[in-house]
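Trainee: May we examine how the helices and the aromatic rings of this model are arranged?

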Amino acid sequence: MKRTFIEKLLVVGAWLALVGGILFGTLVSKGIWESSQDMAFPEAVFTFIGSVVGSVGIWAILLEIVSLSDRLRDIEKRLKE
């Protein structure tokens, strides 16, 4: 099934959001952990978990949008036949 340019952009953006969000969360958590402030460990863990959950959520939403677009294109194709 051929995808439009915007759909391809959404797929690339979804994967970039997933990988980038996890890397960003890892770096920020590492910085918090190495700051040696009070309660640094819980804040670092919460930041890492939040960034992973957020990036996975964005990834899933964007891929679901592309999936819905594929289904609509399939329905349109079947109606034309």
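Trainee: Are α1 and α2 roughly parallel or roughly antiparallel to each other?

Mentor: This is a predicted model, in which local features need pLDDT of at least 70, side-chain atom pairs count only at pLDDT 80 or more, and totals for chains, interfaces and linings use all residues. Residues are numbered from 1 along each chain as its sequence is written, and side-chain values use heavy atoms, with hydrogens and water left out. The axes of α1 and α2 cross at roughly 175 degrees, and angles over 145 degrees count as roughly antiparallel. The two helices, α1 and α2, are therefore roughly antiparallel.

Trainee: How many residues of the contact of α1 with α2 are nonpolar?

Mentor: Nonpolar covers Ala, Val, Leu, Ile, Met, Phe, Trp, Tyr, Cys and Pro; Asp, Glu, Lys and Arg are charged, and the others, Gly among them, polar. The contact has nine polar and four charged residues, while the nonpolar ones number 22.

Trainee: How are the rings of tryptophan 15 and tryptophan 59 paired?

Mentor: Rings pair if their centres lie within 6.5 Å, and planes over 60 degrees apart count as edge-to-face. Tryptophan 15 lies in helix α1 (residues 5–34) and tryptophan 59 in helix α2 (residues 40–80). Their centres are 5.4 Å apart and their planes at 70 degrees, so the pair is edge-to-face.

Trainee: Is tryptophan 15 buried, partly exposed or exposed?

Mentor: Buried means under 20% relative accessible area and exposed over 50%, with partly exposed in between (1.4 Å probe, protein chains only). Tryptophan 15 has 43% relative accessibility, so the residue counts as partly exposed.

Definitions and conventions. Rings of Phe, Tyr and Trp (its six-membered ring) pair if their centres lie within 6.5 Å; planes under 30 degrees apart count as stacked, over 60 as edge-to-face and the rest as tilted. Helices (H or I, at least four residues) and strands (E, at least two) are DSSP runs, numbered from the N terminus. Axes are lines fitted to C-alpha atoms, for helices over the stretch in contact, and angles run from 0 to 180 degrees between N-to-C directions. Angles under 35 degrees count as roughly parallel, over 145 as roughly antiparallel, 65 to 115 as roughly perpendicular and the rest as oblique.
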